Amino acid sequence: MGIALVTGSGGLVGSESVGYLIEQGLDVVGVDNDMRSYFFGPGGSTKWRVAELERMHERYRHASIDVRDMVAIEKVFVDIGRDLVVIIHAAAQPSHDWAAREPFTDFGVNAIGTLNMLEATRRHAPHAAFIFMSSNKVYGDTPNRLPLVERETRWEIDESHDFFERGIDETMSIDRSTHSLFGASKVAADVLVQEYGRYFNINTACFRGGCLTGGGQSGSELHGFLAYLMKCAVTRAPYTVFGHKGKQVRDNIHVSDLVRALWCFARDPKPARVYNIGGSRFANCSMREAIDLCEGISGNRLNYIYSNENRVGDHIWWISDISAFQSDYPEFRLRYDISTTLQDIHDVGKLRWMS
């Protein structure tokens, strides 16, 4: 049926994509050099997940390559040849806090790495679908200027606003806002993906995700808040809630739902598409609500402290409007709500965290 190329194959989205694509009949080449261990320390390493993929799937082949290395990336494309049918580019430096530590590394991985992947696609596989995992951080802190109302356990948008029913759509401006350096590098990559779609008529898509999660996530303090929150609840490790009274709201999409969405596009791709993707009104929670759920599932009280200091560019309220994607792919429906997602994180992660 063909070959898929997945970058960041040891990460949450990448590894889930590998298994799903193999189920669809594709061979998969994965690219991952465990940069997460550099970003987040040994606890963030994805080596265990890559080893698992190699053990579980005969049709998976791994390449330990840095996406910033254009020579190595191009060699992978040449080796695969015309059999390449879909690229899922999920490799990234994913934390806006970490980006400020090493701006060149962040921009190199997120922007230059994406440019390398696009150019290799243009030269060697222009027929393939190119899927880029972008970020809702491309909108910067613009969502914080929405008319928000404080409720008992969460911030909520005023019911009279257009975004109340479905969430934030792709018409929101990315200008005149604080993005964080991470957001800036993702903006650069996002726009490149769109332009390669328009200029070269390549079937590209930017999926602007927010909180992507699931049982396979190696959550850390700076990335993967639901997975890390549940890990702290299970292990009784300390946790810090940063600002906004703990009422900041996120929609969360389980990686299984996300990968099904990516496959919808891969089967019927279109050039230069941009989609907000997330749990929408179906799956969202505030930090306070997430803590209560984690305590209920784990049976433990979370050992947490509150800091008045907000993270730079942090969204107070974000819920994705996914209707643009569902308009193009009306068969797609979300399956995992917040409780089901947290139960999965707990059940899959507990043995690993306690070993």
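Author: Two strands are said to pair if DSSP finds at least two bridges between them. Helices (H or I, at least four residues) and strands (E, at least two) are themselves DSSP runs, numbered from the N terminus. The model is a predicted one, in which local features need pLDDT of at least 70 and side-chain atom pairs count only at pLDDT 80 or more, while totals for chains, interfaces and linings use all residues. Residues are numbered from 1 along each chain as its sequence is written, and side-chain values use heavy atoms, with hydrogens and water left out.

Reader: How many bridges join strand 4 to strand 5, and in which sense do these strands run?

Author: Strand 4 (residues 84–89) and strand 5 (residues 129–135) are joined by 4 bridges and run parallel.

Reader: What is the strand order of the open sheet?

Author: The open sheet has 7 strands in the order 3-2-1-4-5-8-12, with parallel pairing. Strand 3 (60–63) and strand 12 (273–277) form its edges, each pairing on one side only. From one strand to the next, the twist averages 20°. Angles here run from 0 to 180 degrees between N-to-C directions, and axes are lines fitted to C-alpha atoms, for helices over the stretch in contact.

Reader: Which strands does helix 7 lie across?

Author: Helix 7 (residues 180–200) lies across strand 5, strand 8 (204–209) and strand 12, and runs at about 155° to strand 5. In total, the protein has 12 helices and 15 strands.

Reader: Which strands pair with strand 11?

Author: Strand 9 is joined to strand 11 by 3 bridges, and the two run parallel; T213 stands opposite H254 there. Strand 13 (residues 284–286) pairs with strand 11 in the antiparallel sense, again over 3 bridges, with V249 opposite S286. Strand 15 (residues 317–318) pairs with strand 11 in the parallel sense over 2 bridges, and W317 is the bridge partner of V249 in strand 15.

Reader: Is strand 11 buried or exposed?

Author: A residue counts as buried under 20% relative accessible area, exposed over 50%, and partly exposed in between (1.4 Å probe, protein chains only). In a regular strand the side chains alternate between the two faces of the sheet. In strand 11 (residues 249–254), 6 of the 6 residues are buried, so the strand is largely enclosed by the rest of the structure. Both faces are covered, with V249, D251 and I253 buried on one side and R250, N252 and H254 on the other.

Reader: Which residues is C211 in contact with?

Author: Contact means heavy atoms within 4.5 Å. C211 is found in strand 9 (residues 211–213) and is buried, with a relative accessible area of 16%. Leaving aside neighbours within four places in sequence, C211 is in contact with F225, R250, D251, N252 and I253.

Reader: Where is H244, and what does it touch?

Author: H244 belongs to the loop between strand 10 (239–242) and strand 11, and counts as buried at 14% relative accessibility. Not counting residues up to four places away in sequence, H244 touches W155, Y306, N310, D314 and I316.

Reader: Which rings have the charged end of R122 or R281 over them?

Author: A charge sits over a ring if NZ of Lys or CZ of Arg is within 6 Å of the ring centre and within 35 degrees of the ring normal. The charged end of R122 sits over the ring of F200, 4.8 Å from its centre, and that of R281 over the ring of F164, 4.9 Å from its centre.

Reader: What percentage of the residues is buried in the protein as a whole?

Author: Buried residues make up 59% of the 355 residues.
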